[in-house]
Amino acid sequence: MTIGNLLAVLILLIPSSVGIFYRWRIKEASIVAAAIDLALSTIMYYFRPQTGFFFVQNITIIFIMMVLSVHLLSTVYSTRYLRGIENMGIREPTYYLLLNLFTVSMIFSLEVNNYGFMWVGIEATTISSALLLITEKTEASLEATWRYIVLVSAGVAFAFISIILIYYSLGTLSVSVAIASHPHSRIIVLAVSLALIGFGTKVGVFPVHTWLPDAHSEAPSPVSAMFSGVLLPTALYVLYEVYEIEPVQQLYVWFAVISIVAASIFIGYQTRYKRMFAYSTMENMNLALLGLAAGGPLGVTGAILLLISHSFGKAGAFYSSGNVLRFTGKKNIAEINGLGTSMSYTSASLLLSSLAVTGTPPFGTFFGEFLILAEVLSLRMYAQFIIVIIFLATAFISVNYNITGMLFNGKGPHNERDRLMSAISVISSVLPLIIGIFYLVVYIEVL
Amino acid sequence: MNYADSLIYLISSLIAVSAFYIQGQEFIVSMIRGQSVQSVLIAVVAFIIAWEERSYDFIILGALIIILRAFLVNYFLQKRIPKQKSYIYEGKVNLSYLFLVDLIFIVISVFILYSVAFSGIVLHSFLENSGNSGVLVFPLTLFFQGLFLIASRRTTFTQIIGYVEEENSLVLFAMFLLPIPIIIEASVFLDVLALVVISSIVVLEKFTHEPVEELRG
């Protein structure tokens with residue numbers, strides 16, 4: 001076994017083994033496991049397994065590190081967030097166990113060199129995360145959980161037809177072999193198109209996105225952060241691996257554009273902040289899909305830059321939302337005001353994260369969007385470019401108008417009761433800014 | 001068409017009939033049992049193909065279908081049915097109307113999908129000898145039946161059965177077209193079983209599904 005393969009196995013095994021501590025200190029074990037995993041993933045950057053059971057490319061390692069970083073942040077954040085829940089639908093050790101298994105299933109989907117197992121991994125993310133949604137047990141969270149299970153599973157079943165057709169056409173499910181083979185057939189085009197509906201359900205492609213706002217808004221905030229920040233990008237990665245076999249560019253580009261339009265319209269009339277951020281995730285994921293579908297160095301780099309920055313920015317937005325919900329008990333945008341004076345750290349993180357997820361310069365998301373749109377223009381897709389620009393602006397105004405209203409309208413008494421929760425939301429929200437500045441410095445250096 | 005081909009077509013039609021039977025039921029126990037019968041029929045198809053192609057993989061596949069789909073899924077779902085009689089009956093369902101809509105939906109969707117995408121496909125199994133890919137109509141029918149069941153009913157149980165039916169169709173589809181490696185198929189089976197187990201936990205908390213104000217928009 002090579003070092004790369006060993007590391008890939010260890011990254012899967014360490015969070016899985018947290019179950020041993022189920023009855024004793026699972027919280028602490030989860031944090032340690034998440035930290036070790038993140039350290040191992042940085043080592044794996046130098047020892048990438050690229051043959052056999054695992055296939056870790058440069059782009060894969062970025063996704064793995066992204067998943068593990070947000071997992072670590074969410075695990076630490078959960079230690080405080082769960083304290084305030086009155087009616088828990090699952091026990092606290094079960095929560096941590098499922099959170100770890102959820103991460104393992106995402107990493108498995110990313111590492112594995114087989115489309116069949118990728119499908120299994122994506123389905124396993126649904127299984128492991130479904131019960132996390134009822135951590136805060138309410139009528140709405142139960143309904144959201146059920147919609148998540150049924151809609152995602154029914155949708156992802158389409159992707160399995162796509163897997164069968166890939167195997168039928170190529171005689172292999174190996175990702176590395178399939179991508180290198182460049183087949184051109186009607187069946188492969190059908191397979192890649194069906195994958196857009198199938199895996200697209202998990203990515204949040206319109207019109208198969210309907211589970212997304214429900215699950216994100218009703219899940220506990222650290223889980224919402226993982227959904228938005230890393231689950232959807234993982235599904236997007238799998239979709240991209242299928243897309244690479246036979247790029248059906250126009251279909252993917254138009255679906256991405258229509259989804260951006262739909263998400264921006266939905267953002268406009270949301271009355272709950274977590275639901276608004278959920279639709280913002282749909283918008284960002286489809287923008288990344290647009291970049292990957294457009295291809296080229298600009299499109300792919302832009303998509304990756306957008307996904308990394310968005311993962312931390314959106315995690316920050318959901319951690320901040322968690323702070324607001326925990327300390328005010330309110331879910332509606334209209335009911336909240338004066339956060340700027342009552343919760344200074346949370347309001348800073350909320351403002352930074354909302355600016356980050358709407359692509360404000362100099363956040364990393366801005367440069368990601370810029371590169372994607374540059375690639376779209378270079379492909380002479382003028383109609384798509386204009387539509388996307390208009391609706392990105394709409395989403396930007398909608399999100400930031402609501403958030404600034406929550407922060408700066410009125411005044412309130414000091415209400416920030418947990419420093420760790422605030423610190424994590426600030427750290428997560430600042431990271432997209434650091435990524436953006438780092439990119440800018442590197443870019444200027446290269447020029 | 002030889003006797004094995006004819007037998008496959010006959011059993012496949014029975015599988016499609018079982019899907020219509022499930023669609024026509026109001027009692028949840030009948031639906032669960034209908035799903036078990038459907039899974040056994042799919043396993044029989046696997047055994048016939050195993051016999052014709054002298055393939056051990058199909059025997060393992062058939063055995064897995066019987067153990068995991070026909071037996072365990074049935075067991076987990078039946079275990080969750082509440083004792084009160086009123087709960088095991090899905091009310092407020094206009095079956096004759098639903099059945100009619102279902103028939104129209106299935107005929108149109110299967111006809112369109114088959115003629116556009118699958119009519120010219122060459123089967124890799126022994127069924128290739130029968131000269132056409134018409135047998136793919138059966139898994140496609142089952143797939144859309146599963147989707148329709150999920151979309152048309154309100155109880156958690158019925159929607160789980162719809163999902164299992166959808167997965168059954170994929171097994172049948174792969175068996176006719178080109179069976180994917182057994183290790184992956186087995187992982188898929190376990191995934192579906194785990195999902196059924198997770199879903200059956202939700203069943204206890206939420207039996208029916210109506211629009212919730214907080215989830216609008």
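Here are some numbered notes on the pockets, core and helix packing of this predicted model.

1. Ground rules. In this predicted model local features need pLDDT of at least 70, side-chain atom pairs count only at pLDDT 80 or more, and totals for chains, interfaces and linings use all residues. Residues are numbered from 1 along each chain as its sequence is written, chains are lettered from A and ligands numbered from 1 in the order in which they are written, and side-chain values use heavy atoms, with hydrogens and water left out.

2. Largest pocket. This one holds about 610 Å³ of space. A pocket here is an open set of points on a 1 Å grid over the protein atoms alone, where a 1.4 Å probe fits, with protein on both sides within 12 Å along at least five of seven lines; lining residues have an atom within 4 Å of a point. Points are joined across faces, edges and corners, and the volume is the space filled by probe spheres set on them. Of the 24 lining residues, Val150(A), Leu151(A), Thr210(A), Ile150(B) and Ala151(B) are the closest to the centre. Two or more lining residues come from each of α6 (139-170), α8 (186-203) and α9 (211-218) of chain A and α5 (137-152) of chain B; helices are DSSP runs (H or I, at least four residues) and strands are E runs of at least two, numbered from the N terminus. α6(A) gives the most, eight residues. By class, the lining has 13 nonpolar, five polar and six charged residues (Ala, Val, Leu, Ile, Met, Phe, Trp, Tyr, Cys and Pro are nonpolar; Asp, Glu, Lys and Arg charged; the others, Gly among them, polar).

3. Second largest pocket. About 470 Å³ of space here, with 17 lining residues; Ile62(A), Met65(A), Ile304(A), Ile308(A) and Ile435(A) lie nearest the centre. The lining is 14 nonpolar, three polar and no charged. At least two residues each come from α2 (26-44), α3 (58-81), α13 (296-328) and α18 (419-446) of chain A.

4. Tyr439(A). This residue also sits in α18 of chain A. Why does Tyr439(A) count as buried? Because its relative accessibility is 18%, and buried means under 20% relative accessible area (1.4 Å probe, protein chains only). Beyond its neighbours within four places in sequence, Tyr439(A) is in contact (heavy atoms within 4.5 Å) with Leu305(A), Phe367(A) and Leu371(A).

5. Not counting residues up to four places away in sequence, Phe199(A) touches residues including Trp119(A), Ile163(A) and Leu239(A).

6. α12(A) and α15(A). The axes of these helices (273-294 and 344-357) come within 11 Å and cross at roughly 30 degrees; axes are lines fitted to C-alpha atoms over the stretch in contact, and angles run from 0 to 180 degrees between N-to-C directions. Phe277(A), Ser280(A) and Asn284(A) meet Leu350(A), Ser354(A) and Val357(A), giving three nonpolar, three polar and no charged residues.

7. Chain B. Seven helices, zero strands. Of its 217 residues, 57% count as buried.

Methods:
Buried < 20%, exposed > 50% of the residue type's maximum accessible area, 1.4 Å probe, protein only.
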